[in-house]
Amino acid sequence: MNICVIGTGYVGLVTGCVFSDLGNDVICVDKNPEKVAMLRRGEMPIYEPGLEELVKRNVDDKRLSFTEDVASAVENSEVVFICVGTPPLPSGDPDMSFIQECAKTIAASLNRYKVIVNKSTVPVGTGDMVREIIETNRRRPVDFDVVSNPEFLREGSAIKDTLEPDRIVIGAPNKLVAMKILELYAPLERPMIITDVASAEMIKYASNAFLATKISFANSIANICDAVGADVIQVIKGMGMDQRIGSAFLNAGLGYGGSCFPKDSSALLRTAEKNGFDFALLRAVIEVNKDMPIRFIDRMRTAMDGSFKGKTIGVLGLAFKPNTDDMRDAKSVEIIASLLADGATVKAYDPIAIENTRPIFPQITYTKNAYDAAEGADALVIVTEWNEFKLLNMEKIHDSMAKPLIFDGRNIYDPVKLRRTGFEYHCVGRTTAQLLTR
Ligand code: UGA
């Protein structure tokens, strides 16, 4: 099938690669000429394990190409995927201008029947909006259909998530159109749900909001655990064994960040508000998430005699989660900003997100590895749970620090072992627990 993918962000680029790998002819469009030039040279604008190889293979096999020329890309395709960004506005609503612009461009290039597939995360009603824009702006009376096919990939495991999704959601105006999109996904042999457009759009928001709810629930339990001397790791383990609950997305820590959960939970809250429903539960989820780094900083300050002034603090992990260089809504930004505001000197390390952090914090020191960040520091903070931090030589770290003090915002270490090594160790939801030593 001839496919056009508009937008080469995480969703667009990975979708384009996977469809070309399945044997389709895919043309990926981006209005940013530098990005297109980079991709043509085989350089990736984002860090995603396995992506570069996948792009190269499909470009070499001539199934995948990149262009700025949206008109000819649309004209030559049967299916057009909209994968442009919907960043948050100050109101909490997503910015729909890129989607609207995209719909107008598609309308101008509509030369024969096409299926327009919305893959961007968009509020309920967007399918209708896209259809109306195309209807109003098309130059010829050519037929088309609009489908919603939300994406569930995670940064860091985007290719695997796209090849092996838990489910494929197709929201279509009728079964015939749904079958055309289903055909594209058939080689993946994954469960599919075919529904109407509005329900498909809602499935995406409801899923992300529910996952955010799980995280904020676990974090609230962690806060109580700290107060009563229980161990959140054991509590979550015990809860997760109940098959109705499951243990995924119940890791307590500094809260959720990234480009999706914060944006999508606010957008769903706005949709509820606009429709006269007070989604109090989701509002609380968002509040808990905002509160986690604040509580953490407060705890750090208390343990460091009430102030960070004049202290050197090592920060391990900058990206919003491991295996990505994405800094959008990363907890490190809030933590480092608070430390600096209170007079601390910060030394930070991340395996791949340093270059993306420099413009945000040009005034801090970036180190070559985790050991250099810890050396001479009065405290070490774990912000992102990269695997390489789990395997550090903690005795070496202990001996090189000015004070052996660790604040672990992701619960990656064994408190018993660390305390035995001589550290004062603070974590989330298990700092005061009487942990079993044998
Ligand atoms: C999320 C969803 O997981 C994807 O299914 C969805 O497609 C994507 O949003 C999107 O809407 O595009 P992503 O933001 O890449 O994916 O990252 P996640 O792995 O879901 O992590 C989100 C945040 O939650 C991270 O900050 C992570 O540290 C945090 N988290 C996750 C926790 O604090 N605890 C957990 O147990 C799990």
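Visitor: Before we start, what does "partly exposed" mean?
Guide: A residue is buried under 20% relative accessible area, exposed over 50%, and partly exposed in between. The model here is predicted.

Visitor: Is aspartate 329 buried, partly exposed or exposed?
Guide: Aspartate 329 has a relative accessible area of 49%, so it counts as partly exposed.

Visitor: Where is aspartate 329 found?
Guide: It is in the loop between strand E9 (312–316) and helix H13 (331–341).

Visitor: New topic, the ligand. How many residues surround it?
Guide: There are 20 residues around the ligand, and the closest are Phe152, Leu153, Glu155, Lys204 and Asn208. By class, that shell has nine nonpolar, four polar and seven charged residues.

Visitor: Which polar side-chain atom lies 2.9 Å from an oxygen atom of the ligand?
Guide: That atom belongs to lysine 321. Backbone atoms take part as well: a polar backbone atom of leucine 250 is 3.3 Å from an oxygen atom of the ligand, and a backbone N or O atom of glutamate 151 lies 3.4 Å from a ligand oxygen.

Visitor: How much of the ligand is buried by the protein?
Guide: Alone, the ligand exposes 710 Å², and the protein buries 91% of that.

Visitor: Which elements give two or more residues to the shell?
Guide: Those are helix H9 (197–228) and helix H11 (261–274). H9 gives the largest share, three residues.

Visitor: Which domains does the shell draw on?
Guide: At least three residues come from each of domain 1 (2–195) and domain 2 (218–436).

Visitor: Let's switch to aromatic pairs. What is the count?
Guide: The count is six aromatic pairs.

Visitor: Why is the pair of phenylalanine 277 and phenylalanine 279 called tilted?
Guide: Their ring centres are 5.7 Å apart and their planes meet at 45°, so the pair is tilted. A pair counts as stacked under 30 degrees and as edge-to-face over 60, with the rest tilted. Phenylalanine 279 has a relative accessible area of 22%, which makes it partly exposed.

Visitor: What sort of pair do tyrosine 349 and phenylalanine 389 form?
Guide: That pair is edge-to-face, with 6.1 Å centre to centre and 65° between the planes. It links distant parts of the chain, since tyrosine 349 is in strand E10 (residues 345–349) and phenylalanine 389 is in helix H16 (residues 387–390), 40 residues apart.

Visitor: Is tyrosine 349 buried or exposed?
Guide: Tyrosine 349 is buried, because its relative accessibility is 8%. Phenylalanine 389 is buried too, at 0%.

Visitor: Which residues form an aromatic cluster?
Guide: Phe19, Phe81 and Tyr185 form one.

Visitor: Last one. With which residue does the side chain of lysine 119 make a polar contact?
Guide: The side chain of lysine 119 contacts the side chain of asparagine 149 at 3.1 Å. Lysine 119 has its place in the loop between strand E5 (114–118) and helix H6 (126–137). Its relative accessibility is 3%, so lysine 119 counts as buried.

Key. Residues numbered from 1 in each chain as written. Predicted model: local features only at pLDDT ≥ 70, side-chain atom pairs only at ≥ 80, totals over all residues. Heavy atoms only, no water. Near = heavy atom within 4 Å. Polar contact = N/O pair within 3.5 Å; in protein donor to acceptor, adjacent residues only side chain to side chain. Areas by Shrake-Rupley, 256 points an atom, 1.4 Å probe, with all protein chains shown as cover. Helix = DSSP H or I, 4+ residues; strand = E, 2+ residues; numbered from the N terminus. Nonpolar A, V, L, I, M, F, W, Y, C, P; charged D, E, K, R; others polar. Domains from an automatic or database assignment. Phe/Tyr/Trp six-rings, centres within 6.5 Å; stacked < 30°, edge-to-face > 60°. Buried < 20%, exposed > 50% of the residue type's maximum accessible area, 1.4 Å probe, protein only.
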